[in-house]
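Grab a pencil and work through the exercises below with the model open beside you. Each task comes with a solution that goes step by step.

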Amino acid sequence: MLIAQDKVVLIHYTLKNDAGEVLDSSSGGDALAYLHGQGNIIPGLEKALEGRQAGDKLNVKVDPAEGYGERDAKLQQQVPRRQFGGANVQPGMQFHAQTSQGHTRVVTVTRVVGDMVTVDGNHPLAGENLHFEVEIAEVRDATEEELAHGHVHGPGGHHHHGDHDH
């Protein structure tokens with residue numbers, strides 16, 4: 001079965017940056033399950049997996065435009081420390097912030113100087129080239145429920161095949 005619109009795909013992956021550092025990996029855990037064609041994963045990876053099948057292994061390089069976007073300087077801002085409600089704010093801490101449109105986005109504290117805290121609303125991987133090593137574990141048809149919801153249900157979906165676990 002080939003990967004196509006509305007197929008459920010299970011992949012094992014390792015994600016590295018340009019320097020070869022591992023940023024994320026499914027190694028040692030469940031495969032990542034996603035519903036193809038629904039925007040569940042970044043566009044560059046979804047495109048590369050189109051038409052592939054279980055057992056395929058591939059290396060995919062995804063540039064920022066097809067990944068988490070370019071860095072946007074406007075998403076960095078300084079806020080008074082008192083807005084953090086007395087928390088001991090340190091660089092690297094992440095908070096959920098409301099945008100003016102009412103969306104919630106994760107912001108990362110990048111600097112703390114005196115009473116001013118600099119936060120960055122860019123995705124931590126914005127502006128990065130992403131290098132994926134992917135092994136396709138399984139491709140199956142989505143259930144009607146999954147199609148209705150636009151994503152896979154349960155860890156690795158509903159079907160557990162004991163003999164497919166690595």
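Predicted model: local features only at pLDDT ≥ 70, side-chain atom pairs only at ≥ 80, totals over all residues.

**Exercise 1. The overall layout**

Solution. 
- Step 1: Count the elements, and you get two helices and nine strands.
- Step 2: For the dimensions, the C-alpha atoms fill a box of roughly 60 × 35 × 25 Å along the principal axes.
- Step 3: Of the 166 residues in the protein, 34% are buried.
- Step 4: Take the contacts with a separation of 6 or more: 61% of them come from residues 24 or more positions apart.

**Exercise 2. The four-stranded sheet**

What is the strand order in the open sheet of four strands?

Solution. 
- Step 1: The order is β5-β8-β7-β6, and the pairing is antiparallel.
- Step 2: The edges are β5 (76-80) and β6 (94-98), each of which pairs on one side only.
- Step 3: From one strand to the next, the twist averages 45°.
- Step 4: Zoom in on β5 and strand β8 (residues 116-120): they run antiparallel, joined by five bridges.
- Step 5: One spot to check by eye is P80, which stands opposite M116 in β8.

As a reminder, strands of a sheet pair through backbone hydrogen bonds, either parallel or antiparallel.

**Exercise 3. Two residues in one loop**

R81 is found in the loop between β5 and β6, and F84 has its place in the loop between β5 and β6 as well. Is R81 buried, partly exposed or exposed, and is F84 buried or exposed?

Solution. 
- Step 1: R81 has a relative accessibility of 29%, so it counts as partly exposed.
- Step 2: F84 comes in at 15% relative accessibility; buried means under 20%, so F84 counts as buried.
- Step 3: Leaving out residues up to four places away in sequence, R81 touches V89, V112, G114, D115 and V117.
- Step 4: With that sequence limit applied to F84, the residues it touches are V79, V89, F95, V117 and V119.
- Step 5: Check the C-alpha distances. R81 and M116 are 35 residues apart in sequence, yet 5.6 Å apart in space. F84 and V117 are 33 residues apart along the chain, and 9.3 Å separates their C-alpha atoms.

**Exercise 4. The nonpolar cores**

Which residues of the largest nonpolar core touch the most other members?

Solution. 
- Step 1: This core has 19 residues, and L45, L49, F132, V134 and I136 touch the most other members.
- Step 2: Trace where the core comes from: β1 (7-16), α1 (43-49), β4 (57-62) and β9 (130-141) each give two or more residues.
- Step 3: The biggest giver is β9, with five residues.
- Step 4: Setting aside neighbours within four places in sequence, its contacts are Y13, T14, L15, I42, L45, L58, N59, V60 and V62.
- Step 5: Another core, of seven residues, lies apart from this one, with F84, V89, V109 and V117 among its members.

In general, nonpolar side chains in soluble globular proteins tend to be buried together.

**Exercise 5. A pocket by the sheet strands**

Which residues lie nearest the centre of the second largest pocket?

Solution. 
- Step 1: The second largest pocket has a volume of about 300 Å³.
- Step 2: Its lining takes in 17 residues, and Q77, A97, Q98, V107 and V119 lie nearest the centre.
- Step 3: β5, β6 and β7 (104-113) are the elements that give two or more residues to the lining.
- Step 4: The largest share, four residues, comes from β6.

**Exercise 6. A glycine in a loop**

Where is G69 found, and which residues does it touch?

Solution. 
- Step 1: G69 sits in the loop between β4 and β5.
- Step 2: Not counting residues up to four places away in sequence, G69 touches P64, A126 and G127.
- Step 3: For a distance, go to G150, which is 81 residues from G69 along the chain; their C-alpha atoms are separated by 23 Å.

Note on methods
Residues numbered from 1 in each chain as written. Heavy atoms only, no water. Pairing = 2+ DSSP bridges. Axes fitted to C-alpha atoms, helices over the stretch in contact; angles between N-to-C directions. Core = buried A, V, L, I, M, F, W, Y, C linked by side-chain atoms within 4.5 Å. Buried < 20%, exposed > 50% of the residue type's maximum accessible area, 1.4 Å probe, protein only. Contact = heavy atoms within 4.5 Å. 1 Å grid on protein atoms, 1.4 Å probe; cavity = no way out; pocket = protein on both sides within 12 Å on 5 of 7 lines; lining within 4 Å. Points joined across faces, edges and corners; volume = space filled by probe spheres on them.
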